[in-house]
There are 2 protein chains.
Amino acid sequence: MTLELKIQPLRYVLAVVEEGSFHGAAKQLHRSQPALSMAIRDLEERLGQPLFEKSQKGQLTPYGEYCLPRFRELIKQHDRLAADLQHVALGQQGRVTLATVPSVASRLMPEFLAAFIAEYPHININLHDENAKFVCRMVANGEVDLGISSVWAQDERLSYTHLFEDNIGVVLHRDHPLANRKSLQWQELKEERFIANGTSRLLEKTAAASLVDNNDFYISNMISLIAMLEAGSGITTLPRLAFPVDNRKLCFVPLSEPKLVRQIGIIKLANRSLSPSAQALEEVILKRLTAVRS
Amino acid sequence: MTLELKIQPLRYVLAVVEEGSFHGAAKQLHRSQPALSMAIRDLEERLGQPLFEKSQKGQLTPYGEYCLPRFRELIKQHDRLAADLQHVALGQQGRVTLATVPSVASRLMPEFLAAFIAEYPHININLHDENAKFVCRMVANGEVDLGISSVWAQDERLSYTHLFEDNIGVVLHRDHPLANRKSLQWQELKEERFIANGTSRLLEKTAAASLVDNNDFYISNMISLIAMLEAGSGITTLPRLAFPVDNRKLCFVPLSEPKLVRQIGIIKLANRSLSPSAQALEEVILKRLTAVRS
DNA sequence: ATTTCAACATAAGCATAGCTTATCAAAACT
DNA sequence: AGTTTTGATAAGCTATGCTTATGTTGAAAT
């Protein structure tokens with residue numbers, strides 16, 4: 001019952017008015033002249049009033065004059081929408097939100113994001129850094145599109161795409177007797193003062209668990225932790241990525257027994273697909289990471 | 001190249017979201033379920049992104065969430081426009097402008113307009129009264145949609161639809177010796193003081209022309225003219241319709257020799273069709289006038 | 001006047017868009 | 001496990017929207 005207008009015949013009308021004739025309009029639109037005649041006649045019948053004068057060819061009726069700017073308006077709105085949706089679909093426009101653990105945020109994201117904004121300059125980016133647990137929670141709650149983190153716990157709602165492994169090692173002062181070793185076993189650390197940190201959870205339920213368990217020192221703040229270690233007041237374990245690259249006073253020695261790694265990967269909602277912008281970012285990250293490997 | 005959206009598939013998407021399933025939406029839209037599946041798949045392909053999650057049935061993707069309110073907006077605009085155009089086309093909305101000679105404006109239009117606004121309460125009306133020459137000019141200039149007047153001059157651009165004839169008669173004081181006659185010949189008026197008025201042009205080039213030609217009195221204002229005649233200061237001629245109906249002091253006696261009439265009709269632009277509102281008004285006038293006749 | 005031309009309308013035919021019914025496959029209830 | 005409910009797929013029909021070819025008409029040219 002409610003009249004349904006198609007966009008295309010409206011364009012035909014505009015073209016005819018613009019060109020002043022059906023012939024010219026047909027040429028402009030790469031259509032045959034009868035195609036326009038028929039489409040416009042159909043439109044006129046739907047509306048219940050002629051748009052063009054039957055006698056004076058190519059001339060609008062008063063009703064046509066009334067319709068014309070309104071047709072223009074609808075077409076304009078249609079085209080704006082179509083362009084916008086297409087942009088967003090292609091990931092050329094939009095917003096991505098992601099959360100990563102601090103080490104990834106500071107060591108990897110700068111490069112990833114630089115590559116990303118080079119390719120998709122009109123996408124807004126929103127980066128949070130939080131610990132692994134919070135990253136997962138933010139993804140699960142839909143607060144961010146993506147997370148990059150180690151898996152905190154099995155969660156039905158989340159999907160995990162592996163990116164790389166990050167070796168866990170001992171961080172100690174460069175003057176420490178064990179500082180020049182190629183690798184260390186946990187037993188060698190039993191007598192050291194162990195300072196736990198946010199990443200120490202990774203030792204839980206491993207052979208090295210007792211390092212953390214029987215321990216009273218815990219410093220969550222990375223700056224404080226580093227300062228403590230630089231002062232030679234103890235040792236800790238960190239994933240390699242979390243170890244500050246150009247630190248002159250500290251050494252990173254991988255643990256060989258047990259060999260520990262944290263799995264870093266992309267966390268997404270399992271039952272939800274990504275927004276086009278988020279897809280674009282994920283793609284860039286994956287491409288970038290495999291490029292570095294090879 | 002520029003993506004062309006059709007309105008209907010967008011409605012399908014809205015319905016699926018609203019109903020929460022393709023089946024429910026299909027029922028609501030009186031379509032089969034595959035019709036929706038296919039239409040929406042096609043739309044997704046055009047956009048380049050899925051709108052619904054493939055796993056979780058009837059659930060929007062983030063891209064779908066982005067699109068949904070925009071689809072709603074376009075559909076709303078489409079529907080508003082369609083309804084508006086249809087209203088205007090049916091003459092249920094709009095504006096008519098018309099110009100008539102004063103006698104028609106005061107004696108006939110009140111009834112016509114009452115009938116018109118009863119049938120089309122939402123159309124705006126704009127009524128000018130002007131002399132016949134001006135009425136024609138206003139129509140010719142497109143200042144009004146319609147005119148009701150006697151034809152002023154042959155004009156290529158104007159079309160004339162005859163409505164009725166208006167007899168011309170002599171207007172004189174009720175106490176005048178000729179006042180009780182059934183009709184008069186112009187020769188009987190030769191000795192009278194003739195006061196010309198705006199309608200005296202109608203005598204030009206008729207047998208009675210000399211009444212006007214050899215005459216120094218001319219009063220264009222109807223009120224003044226009537227007052228002059230009521231004072232017994234002369235006589236004039238008027239079309240019957242221009243003679244004030246319930247005047248107690250004056251008489252109207254038709255001219256029989258020559259028998260003179262003015263032709264009253266509808267004046268339109270010849271090469272332009274009427275707006276739907278104007279069509280509606282013309283129709284009401286014609287119907288009303290033939291109804292009165294029969 | 002007659003011809004000619006340029007415009008739109010009409011007709012016939014074809015490809016495809018958009019629908020239907022029937023059937024399948026997978027997920028969600030019972 | 002069996003049943004129901006969901007969306008996807010297939011085959012087939014019809015209407016839409018286009019094409020080319022041919023009328024028709026009114027205005028300009030001869």
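## Basis

Contact here means heavy atoms within 4.5 Å. The model is predicted, so local features need pLDDT of at least 70 and side-chain atom pairs count only at pLDDT 80 or more, while totals for chains, interfaces and linings use all residues. Residues are numbered from 1 along each chain as its sequence is written, chains are lettered from A and ligands numbered from 1 in the order in which they are written, and side-chain values use heavy atoms, with hydrogens and water left out.

## Domains of chain A

Chain A is split into domain 1 (7-89), domain 2 (94-164 + 263-293) and domain 3 (168-260); the bounds come from an automatic or database domain assignment. The centres of domain 2 and domain 3 of chain A, taken over C-alpha atoms, are 27 Å apart.

## Interface of domains 2 and 3

In chain A, 8 residues of domain 2 are in contact with 6 residues of domain 3. Domain 2 and domain 3 of chain A bury about 570 Å² between them, with 62% of it on carbon and sulfur atoms. Buried area is the accessible area (1.4 Å probe) that two parts lose on being put together, summed over both. Of the area that domain 2 of chain A buries against domain 3 of chain A, 74% is supplied by Ser103(A), Arg107(A) and Trp152(A), more than by any other three residues.

On the side of domain 2 of chain A that touches domain 3 of chain A, helix 5 (residues 102-107) of chain A gives the most, with 3 residues. Helices (H or I, at least four residues) are DSSP runs, numbered from the N terminus.

## DNA strand C

DNA strand C is surrounded by 17 residues, the closest being Phe22(A), Ser37(A), Gln8(B), Tyr12(B) and Ser32(B). A residue is near a strand if one of its heavy atoms lies within 4 Å of it. Sugar and phosphate make up 57% of the atoms of DNA strand C that come within 4 Å of the protein. For a polar side-chain atom of Lys6(B), the distance to a phosphate oxygen of DNA strand C is 3.0 Å.

Helix 3 of chain A supplies the largest share of the surface near DNA strand C, 4 residues.

## DNA strand D

Around DNA strand D there are 17 residues, and the closest are Gln8(A), Tyr12(A), Ser32(A), Phe22(B) and Ser37(B). Sugar and phosphate account for 55% of the atoms of DNA strand D that come within 4 Å of the protein. A phosphate oxygen of DNA strand D lies 2.8 Å from a polar side-chain atom of Tyr12(A). A backbone N or O atom of His23(B) is 2.9 Å from a phosphate oxygen of DNA strand D.

The largest share of the surface near DNA strand D, 4 residues, is from helix 3 of chain B.

Conventions
Helix = DSSP H or I, 4+ residues; strand = E, 2+ residues; numbered from the N terminus. Polar contact = N/O pair within 3.5 Å; in protein donor to acceptor, adjacent residues only side chain to side chain.
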